[in-house]
Amino acid sequence: MYFWKENDGERGARETSPSVVFIKDLEIVKTPRSTNEVTLTEEENAKVEGTGSGFIWDKTGHIVTNYHVIAKLATDTSGLQRCKVFLVDAYGNSFAKEGKLIGFDPTYDLAVLKIDVEGNDLKPALLGTSRDLHVGQSCFAIGNPYGYENTLTTGVVSGLGREIPSPNGSAIRGAIQTDAAINAGNSGGPLIDSYGHVIGVNTATFTRKGTGQSSGVNFAIPIDTVVRTVPYLIVYGTPYSNSIKQRCMDLLSEVFHSSNNWLYALTPKERFQTHAQVGPQAGPILFFLDIRDYSRPVCIISRSKVNIT
């Protein structure tokens, strides 16, 4: 008797596919009826200028993708560029929404869109880590190459710590190299491990000159870089910087009515501790920030004296 056994690719695809989205880059036109309004009726009044992929970051509708997928929207001065996001809810029902650009970082080729999720329950992707990857490990790319939705390609981690060019000409260091096929339309989609955990964002491929075909040398931005970058894009619209850290401290100092006591902040960005004088209470306050939402402290651990090492 034959017993069917689910393989790693099937397990990963089943877990991750509901979290993968299809992005269309559209140029819309003004309708004759109104010169002040534009419409997102794709079939009649919009031209598809490009496609890409992305994945659901959280239940509030944030979508992570590559900057180069939405670059025309990010640099639009005409007001006629739009992104339309096609996805499924947690129950498998398909729907489409306009994606509003929340933030982007060309240096790491990352961007965040936001869709209106009213009435829809989303399934965020499961995030893994790229810190413990090793060459030879199985991996899988999910995306929408050439418009074919939720396409799964298989391969292995071919190399680690690679350097690839970013859209603004700087170098993206630490990229994951894989032979899992990545083609036009895959950009922004997740690279996953055997358990469906996102380990990278599919970004680039070397093509054979004159053919446009993948050479089997493909690259993804490691998820640890994404996890460090995306929360800042959601909150500030710009990548992390010392000025943002200072704004965080200034805001918290204001909220806690600055006094002579210390507040210690532990952030995922650099695993550092910093401080500001806050609050009328004696002793330091220790708090942590949600890795997906830097806009508020998750919890205050202590208002009494603690030893910080």
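Is Lys59 buried, partly exposed or exposed, and at what relative accessibility? At 47% relative accessibility, Lys59 counts as partly exposed, where buried means under 20% relative accessible area, exposed over 50% and partly exposed in between, with a 1.4 Å probe and protein chains only. This is a predicted model, in which local features need pLDDT of at least 70 and side-chain atom pairs count only at pLDDT 80 or more, while totals for chains, interfaces and linings use all residues. Residues are numbered from 1 along each chain as its sequence is written, and side-chain values use heavy atoms, with hydrogens and water left out.

**Salt bridges**

- A search of the whole structure finds eight salt bridges, a salt bridge being a side-chain nitrogen of Lys or Arg within 4 Å of a carboxyl oxygen of Asp or Glu.
- Lys59 forms one of them with Asp121, with the closest N and O atoms 3.0 Å apart; this pair links the loop between strand 2 and strand 3, where Lys59 lies, to the loop between strand 6 and strand 7, where Asp121 lies, 62 residues apart.
- Asp121 is partly exposed, with a relative accessible area of 31%.
- Lys72 forms a salt bridge with Glu49 at 3.3 Å between the closest N and O atoms, and because Lys72 lies in helix 3 and Glu49 in strand 2 (residues 46-56), the pair ties together parts that are 23 residues apart in sequence; helices (H or I, at least four residues) and strands (E, at least two) are DSSP runs, numbered from the N terminus.
- Both Glu49 and Lys72 belong to a network of salt bridges that also links Glu27 and Lys47.

**Aromatic pairs**

- Two aromatic pairs are found in a search of the whole structure, where rings of Phe, Tyr and Trp (its six-membered ring) pair if their centres lie within 6.5 Å, and planes under 30 degrees apart count as stacked, over 60 as edge-to-face and the rest as tilted.
- The rings of Phe22 and Phe86 have centres 5.9 Å apart and planes at 40°, so this pair is tilted.
- Since Phe22 lies in strand 1 (residues 20-28) and Phe86 in strand 4 (residues 81-88), the pair ties together parts that are 64 residues apart in sequence.
- Tyr67 and Phe104 form a tilted pair, at 5.4 Å centre to centre and 35° between the planes; Tyr67 counts as buried at 10% relative accessibility, whereas Phe104 counts as partly exposed at 28%.

**Helix 4**

- Eleven of the 14 residues of helix 4 are buried, so this helix is largely enclosed by the rest of the structure; among the buried residues are Val226, Val230 and Pro231.
- A kink of about 25° lies at Thr229, shortly before the proline Pro231, the bend at a residue being the angle between axes fitted to the seven residues ending there and the seven starting there.
- Just after helix 4, Gly237 takes a positive phi of about 80°.

**Nonpolar cores**

- The largest nonpolar core has 19 residues, and those with the most contacts inside it are Phe55, Trp57, Val226 and Val230; a nonpolar core is a set of buried Ala, Val, Leu, Ile, Met, Phe, Trp, Tyr and Cys residues joined through side-chain atoms within 4.5 Å.
- Helix 4 supplies the largest share of this core, six residues.
- A second, separate core of 17 residues includes Ile56, Val69, Leu113 and Leu122.
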